[in-house]
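Visitor: I have never read a protein model before. Please take me through this one, feature by feature.

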Amino acid sequence: MTTEPTGGDAPAREILSYELFGTAVRELAQQVVDDGYEPDIVLAIARGGLGLAMGMGYALDVKNLSAVNVEFYTGVDERLDVPMMLPPTPAAIDLTGMKVLIVDDVADTGKTLEVVRDFVADHVAEARTAVIYEKPWTVIHAEYVWRRTERWIDFPWSSTPPLVDRRGGLAH
């Protein structure tokens, strides 16, 4: 994990490289193993949690992976009032009696994790959460956290603009 100034009076940012991401996955998975938790399914919060879910699935030898799409952030430090689960959502009945590991890249406000945890809570045997980063002001404190920070995080998959602007159709 590196931090670097962004110029001027801007605060330092956490910079996560793909190489460090691999380290984060293994260290998070080791926390789960050390805790004795054996999930039946890894549930990713898309989009940020998808890579983590894949890595955790391999590291924990869990082949049952699923995803739920939740929209909250609309830009850098811009978000909706409340997170919205987007269809298709996994049928809660499919999770009945399972031990679920919910994963995401960051617990900033924690509201996204809260929405997903509450969605599955009445149907699963147990739900635990894992994140790469956790902010101190989050409303949900994950059971498994790789790093804690107050800084904005540059993830390797979202630190550069998309190649295509779907709103305007322009290539970059």
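**Reading the model**

Guide: Exposed means over 50%, buried means under 20%, and partly exposed is in between (1.4 Å probe, protein chains only). The model is predicted, so local features need pLDDT of at least 70 and side-chain atom pairs count only at pLDDT 80 or more, while totals for chains, interfaces and linings use all residues. Residues are numbered from 1 along each chain as its sequence is written, and side-chain values use heavy atoms, leaving out hydrogens and water.

Visitor: How many helices and strands does the protein have?

Guide: There are three helices and 11 strands. Both are DSSP runs numbered from the N terminus: helices are H or I with at least four residues, and strands are E with at least two. Reading from the N terminus, the order is β-β-α-β-α-β-β-β-α-β-β-β-β-β.

Visitor: What share of the 172 residues is buried?

Guide: Buried residues make up 40% of the 172. Contacts, meaning heavy atoms within 4.5 Å, tell us about the fold too. Of the contacts between residues at least 6 apart in sequence, 64% join residues at least 24 apart.

Visitor: Which residues of helix H3 are buried?

Guide: In helix H3 (residues 111–121), the buried ones are Thr 112, Leu 113, Val 116 and Val 120. They sit on the same side of H3, because they cover an arc of only 95° around the axis. That arc is taken from the directions from the helix axis to the C-beta atoms.

Visitor: Which residues have the most contacts inside the largest nonpolar core?

Guide: In soluble globular proteins, nonpolar side chains tend to be buried together. A nonpolar core is a set of buried Ala, Val, Leu, Ile, Met, Phe, Trp, Tyr and Cys residues joined through side-chain atoms within 4.5 Å. The largest core here has 26 residues, and Met 56, Leu 101, Val 103 and Ile 132 have the most contacts inside it. Helix H1 (18–35), E3, H2, strand E6 (99–107), strand E7 (126–134) and strand E8 (144–148) each supply at least two residues of this core. H1 gives the most, with seven residues. A second, separate core of 18 residues includes Ile 102, Val 131, Ile 140 and Val 145.

Visitor: Where is Ile 102?

Guide: Ile 102 belongs to strand E6. Ile 102 is buried, with a relative accessible area of 0%. The C-alpha atoms of Ile 102 and Ala 130 are 6.3 Å apart, although 28 residues separate them along the chain.

Visitor: How many aromatic pairs does the structure hold?

Guide: It holds five. The rings of Tyr 18 and Trp 157 have centres 6.4 Å apart and planes at 55°, so this pair is tilted. Tyr 18 lies in helix H1 and Trp 157 in the loop between strand E9 (153–154) and strand E10 (164–165), so the pair ties together parts 139 residues apart in sequence. Trp 157 counts as partly exposed, at 31% relative accessibility. Tyr 133 and Trp 146 form an edge-to-face pair, with 5.9 Å from centre to centre and 80° between the planes. This pair links Tyr 133 in strand E7 with Trp 146 in strand E8, 13 residues apart. The rule: rings of Phe, Tyr and Trp (its six-membered ring) pair if their centres lie within 6.5 Å, and planes under 30 degrees apart are stacked, over 60 edge-to-face and the rest tilted.

Visitor: Which residue lies over the face of Trp 146?

Guide: Arg 147 does, at 4.1 Å from the ring centre. A charge sits over a ring if NZ of Lys or CZ of Arg is within 6 Å of the ring centre and within 35 degrees of the ring normal.

Visitor: What joins Ala 46 and Arg 47?

Guide: Most residues other than glycine have a negative phi, and most peptide bonds are trans. Ala 46 and Arg 47 are joined by a cis peptide bond, with omega about 10°. Asp 61, which is not a glycine, has a positive phi of about 55°. Asp 61 is also exposed, with a relative accessible area of 65%.
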